[in-house]
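User: I am new to this structure and want to learn how to read it. Please take me through a few features, one by one.

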Amino acid sequence: MNLDYAKNSIEEVPFGQYLEQFQAMDPEAASVRTGIPYDTGRKCFTMRMLQRTYEISWPECNVTCLDKTEDVFAIMEDAVDAKIFAIRYLLNGVQSDSTGKFLTYRELPSGDLYFQQFQGRCLMRLAYGFGFKLDKFSDIMERLGAKKLTYGDVSYEIEFINGHFVRFILWAGDDEFPPSSQILFSDNFPLSFETYDLAVVGDISITTLKKMQ
């Protein structure tokens with residue numbers, strides 16, 4: 001079943017329609033295309049999101065975090081948009097490696113068209129959520145197992161979903177200047193996802209950070 005995706009396809013198509021597509025797909029073919037392991041005996045995929053490992057049963061789409069801990073929020077178990085993002089990768093994604101280059105949102109295909117939405121939903125939310133709490137941001141990223149970088153006042157790189165990496169960069173706010181942020185995406189994201197869908201990558205990531213405060 002081919003769907004006519006609305007402006008933000010992840011949010012405006014009901015979960016039930018994604019589930020129908022998930023149940024109708026060939027799981028072994030999806031595994032070969034995406035590189036996501038599929039256990040034919042147990043009928044489940046094994047996928048990573050924000051450096052946690054999940055099992056997704058097929059065709060039921062029950063999600064279980066295999067390395068859940070009390071101090072890390074397992075978002076795919078609880079958030080519908082995270083489940084949808086995983087399903088979309090299985091439906092439409094392709095296994096690909098990044099060249100090592102990271103892109104700003106504006107550098108993505110049609111990024112200028114959707115940048116205002118991305119700025120409000122992600123960049124400002126990240127900046128004002130953690131721009132005055134850099135130590136808290138660092139603590140959470142360390143708990144997630146993210147890689148520390150040297151950009152801005154504090155920055156980290158994290159695997160969002162198998163082989164697709166995101167960099168979060170913060171500049172602290174003070175009495176004179178507001179905080180600011182940047183989010184960069186590894187250059188293989190556009191091979192499997194639409195640019196307007198990547199605002200959901202920011203949403204899911206920032207929601208995880210806020211849940212772990």
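User: Is G93 buried or exposed?

Analyst: This is a predicted model. G93 has 0% relative accessibility, so the residue counts as buried. The cut-off for buried is under 20%.

User: Where is G93 found, and which residues does G93 touch?

Analyst: G93 lies in the loop between α5 (80–92) and β5. Leaving out residues up to four places away in sequence, G93 touches R33, T34, R88 and S192. Now compare sequence and space. G93 and G35 are 58 residues apart in sequence, and 9.4 Å apart in space, C-alpha to C-alpha.

User: Now the rings. How many aromatic pairs are there?

Analyst: The count is 13 aromatic pairs. Read each pair by two values: the distance between ring centres and the angle between the planes.

User: Where do Y105 and F118 sit in the chain?

Analyst: Y105 is in the loop between β5 (102–103) and α6 (111–130), while F118 is in helix α6. They are 13 residues apart, and the pair links distant parts of the chain. Y105 is buried, because its relative accessibility is 1%. F118 is buried too, at 0% relative accessible area.

User: What type of pair do F130 and F137 form?

Analyst: A tilted one: 5.8 Å centre to centre, with 55° between the planes. F130 is buried, with a relative accessible area of 0%. F137 counts as buried at 0% relative accessibility.

User: Which residues form the aromatic cluster?

Analyst: F85, Y89, Y105, F118, F160, F185, F189 and F193 form one cluster.

User: Which charged ends sit over the rings of F115 and F130?

Analyst: The charged end of R106 sits over the F115 ring, 3.9 Å from its centre. The charged end of K133 sits over the F130 ring, 5.7 Å from its centre.

User: How do I read two packed helices?

Analyst: Use the angle between their axes and the distance between the axes. The axes of α6 and helix α8 (residues 198–211) come within 9 Å and cross at roughly 20°. Angles under 35 degrees count as roughly parallel, so α6 and α8 are roughly parallel to each other. Their crossing is left-handed. On the α6 side, the contact residues include F118, R121 and F130. On the α8 side, they include L198, G202 and I206.

How values were computed: Residues are numbered from 1 along each chain as its sequence is written. This is a predicted model: local features need pLDDT of at least 70, side-chain atom pairs count only at pLDDT 80 or more; totals for chains, interfaces and linings use all residues. Side-chain values use heavy atoms; hydrogens and water are left out. Rings of Phe, Tyr and Trp (its six-membered ring) pair if their centres lie within 6.5 Å; planes under 30 degrees apart count as stacked, over 60 as edge-to-face and the rest as tilted. Helices (H or I, at least four residues) and strands (E, at least two) are DSSP runs, numbered from the N terminus. Buried means under 20% relative accessible area, exposed over 50%, partly exposed in between (1.4 Å probe, protein chains only). A charge sits over a ring if NZ of Lys or CZ of Arg is within 6 Å of the ring centre and within 35 degrees of the ring normal. Contact means heavy atoms within 4.5 Å. Axes are lines fitted to C-alpha atoms, for helices over the stretch in contact, and angles run from 0 to 180 degrees between N-to-C directions. Angles under 35 degrees count as roughly parallel, over 145 as roughly antiparallel, 65 to 115 as roughly perpendicular and the rest as oblique. A crossing is left-handed if the near helix is turned anticlockwise from the far one by less than a right angle, and right-handed if clockwise.
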